[in-house]
Every structure is written in structure tokens, then in C-alpha cells.
Amino acid sequence: MDALVVGGGVVGLSAAYSLADRDVNVTLVEKGSLGNASTARSAGGIRSQFSTRVNVELSLASKEVWNAFEERFGVDIGLRKNGYLFLARSEETAERFRENVEMQRELGAGSELLTPEEATDHCPGLDPDPFVAATYNPDDGIADPNLAVQGYAEAARERGVEIRTKTAVTDLHREGDRVVGADVRAVGAGEEGSERLEVDCVVNAAGAWAATIGEMAGVDLPIAPRRRQIAVVDPTPPVPESVPLTIDLETGSYFRPERDGVALVGGHFEADDDPDQDPDAYDEGMDVEWAARAVENAAEYAEYFGLDTRIQRGWAGLYAVTPDHHPIVEETIPGLVTVAGFSGHGFQHAPASGRIAADLAVDGETDLLDVSPLAGDRFERGDTLTERSVA
């Protein structure tokens, strides 16, 4: 079997590795460099605290890989299990927290419901007064996305995957309903540089470009590139490295410690001002006004941020967003497997998602978990999901 994986981020590399592990002849193409798009610009979070069963199941299946990554791939990804701490300001959100924790624990996650005062045991600089409840999972944490890319890429190459960077897909070919091939071309080459690849399956792991790849096969994928930002700041006092990634869910503000005393601060605060972006031509820099607001928002509930906090630098990346903030994971049409639209959760769900993509490509189904809720036609059927734990 011959397969083409489109996209050299961590999801595509996981899919390529999983396909090769099943003795598939795999070519992976990436129009830039490996992991240079959304993967490199992620906050590196790994968590089980989601509000839908399928997202929790993706997390738990992926954690099995993340927890053993160094042993399995020979690369230390800097996994730090500081936990995730979610904060609720209203009784309505607190009630959802209770339901979420019950569901998460039923599936095997070690999540806990806390009072705001108990939350300060994990985040000593937290002001508990604005909040009515919190949730915490000590098994959640962060890792280095770039190191994960290196680990997957090296393992994929060792299994015979041909990885072509600076190579773009320019068209997909169908015979009837089935995708049977693709045209690829080195970036910057003319029409004469185009090459036709005959394959049994194309895996669309193109992230922010996934809808464009779908269009080449005559498929409409509701996946929109949306810009998100992160600021690196010098907090005063420093955030202890043991503090969890802390999210004020109702305002969208979050922060987490980095090493050497700095912290990452983020959040999306303009829900009504979230236009689609051109993934080939968007502003990758940080807006200073946004960074100032992000610090101000964090200062409202954490003592680490205030007038003395210095903004060092920052960046913007793209979330590949679906209308219900869940990915599309399916064989969309024969010969085209879609694994995209993770809405900011692609890094942490990459191990399970890549394995599932390989299963769908080879067997047409997967036994890892039930991915039927992630079928793309859910939007037409009106059977969408609701993920409320989005930062």
C-alpha cells in the first residue's frame, strides 16, 4: 500500500510513523519545514480536562505515548507534569466543572474538583476571591513540541518514510469517488517541476491548510485558520516552575511558567472579532496592545503579574478551527483520510490521532476509540459537539 501524508506538523508525522509501522510505503510532503507552522507556535499543553468524552479519550490514548516517548523514541521531550488548573467564576460554570470531572474520572482521568482556596495549594499566587470552583489534574502538563517533531520525524525515517520538505501538493486526482493520486512540486519550481504520485490513500493532516487540500478533492471541510497569540513575560514575583498551566475559563486568560523565571501568557479576548486568516500571509508577530491586555487580565487573579511585568517577546500562530472546536477525523471519501481541525488541541492529541488515521487508511476503521462523533457530516446533520474547555 502507498500513502501520501500532507502536512509535516506533529499530527502528520504521527500519522506517517503509524502508517510505516504497519508496513505502508509512505511519502510525507510539507510545503515549509517540519513543525514550522502551528506545532512550533503551540504552548505545548497536554491535558485530559475536556468537556466531551471523545476529547478526553483522545487525551488519554495520547498520554500513553507522551508518557513513554523518551523510552519509545529516544528523545526527551521535556515533559513536565505540573498539572492544569481550570477556574470558574460563575455557579453555572462550576456545575459544568462538576459534570466534567465526573465524566473524566469515569474514563480514567485523575481530575479533581477543588474549592478556590484549595486551588491556591497548587498556584500560591492565585487570588481565590473571584472564583467559585476549580478543577485540577496532576497528570496534565506541558512538553516541547519541537522535540516531539524531531522524535517522530527520526522514527518515521527509520521506518522508511520519505519526508519531502519545501514541497507542496498542487492537486489531488480522483477516479470516480476515490482519490488515487496527487501532484506535488518543490516550492518555487515552475510547472515543469510538477510530479504525479500514484497512491492508495492521501492523509490530509495539513492543519490550517486542510480545507484547501480538501477542495482539491472536491470536498468542503469547515476548517478555518484563526490567529492566536502568546506573550513571553518577566513576571514579578517569578511564577514557580511547579505552578500548573492556569486558565480563567470565562475570561479566556491563561498563563504557565517557563524555565528561567519567565512565563507564557495568553488568551483570546475578542470572540466576535475572529476573522479567517490566509495561512500563507498572516501576521506572525505579537500585537503589543493584545500583550498588555493579556498581562492585565492575568494580573486580575494572579499576583505574579502587574505594573513591573516586562513583556519580552511573543508570537502568533494559527488554530485550525471547526464550528464545534472538535477535529474532523474520518475517511472523508475513499482514498482521503482527514485528520485536521483540532482547534488548538492538535499537539496534545497527535499520538492517538496519527494512529487512528493509519487505522482508517489501512482498515477503514479503528479500534482505539469511537471516532464516529468526529465525522465531518455532523455539521450537516446538526449533530455537533460542544467543547467548553477551550483556551
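Trainee: Why is Lys81 called partly exposed?

Mentor: Its relative accessible area is 37%. Buried means under 20%, exposed means over 50%, and partly exposed is in between (1.4 Å probe, protein chains only). Because 37% falls between those cut-offs, Lys81 is partly exposed. Before we go on, this is a predicted model, where local features need pLDDT of at least 70 and side-chain atom pairs count only at pLDDT 80 or more, while totals for chains, interfaces and linings use all residues. Residues are numbered from 1 along each chain as its sequence is written, and side-chain values use heavy atoms, with hydrogens and water left out.

Trainee: What makes Asp139 and Lys81 a salt bridge?

Mentor: A salt bridge is a side-chain nitrogen of Lys or Arg within 4 Å of a carboxyl oxygen of Asp or Glu. The closest N and O atoms of Asp139 and Lys81 are 2.6 Å apart, so the pair qualifies. The structure holds 30 salt bridges.

Trainee: Why does this pair tie together separate parts of the chain?

Mentor: Asp139 sits in the loop between strand 6 and strand 7 (141–142), and Lys81 in the loop between helix 3 (69–73) and strand 4 (84–88), so the parts they join are 58 residues apart in sequence. Helices (H or I, at least four residues) and strands (E, at least two) are DSSP runs, numbered from the N terminus.

Trainee: How do you know that Arg355 and Asp359 form a salt bridge?

Mentor: Their closest N and O atoms are 2.8 Å apart, and that is within the 4 Å limit. Both residues lie in helix 9 (residues 346–363), four residues apart, about one turn of the helix. Salt bridges that share partners join Arg22, Arg355, Asp359, Asp363 and Asp367 into one network.

Trainee: Are Arg355 and Asp359 buried or exposed?

Mentor: Arg355 has 31% relative accessibility, so it counts as partly exposed. Asp359 has 5%, so it is buried.

Trainee: What makes Ser62 buried?

Mentor: Its relative accessible area is 0%, and that is under the 20% cut-off. Ser62 lies in helix 2 (residues 53–67). Leaving aside neighbours within four places in sequence, Ser62 is in contact (heavy atoms within 4.5 Å) with Gln348, His349, Ala350, Pro351 and Ala352.

Trainee: Which backbone oxygen does the side chain of Ser62 reach?

Mentor: That of His349, at 3.4 Å. A polar contact is a pair of N or O atoms within 3.5 Å; within protein, one must be able to donate a hydrogen and the other to accept it, and residues adjacent in sequence count only if both atoms are side-chain atoms. The 3.4 Å distance is within that limit.

Trainee: How do you know that strand 5 pairs with strand 6?

Mentor: Two strands pair if DSSP finds at least two bridges between them. Three bridges join strand 5 to strand 6 (residues 133–137), so they pair, running antiparallel.

Trainee: Why do strand 5 and strand 17 count as edges?

Mentor: Eight strands form an open sheet in the order 5-6-4-14-15-16-13-17, with mixed pairing. Strand 5 (112–114) and strand 17 (310–321) each have a single partner strand, so one side of each is left without a neighbour in the sheet.
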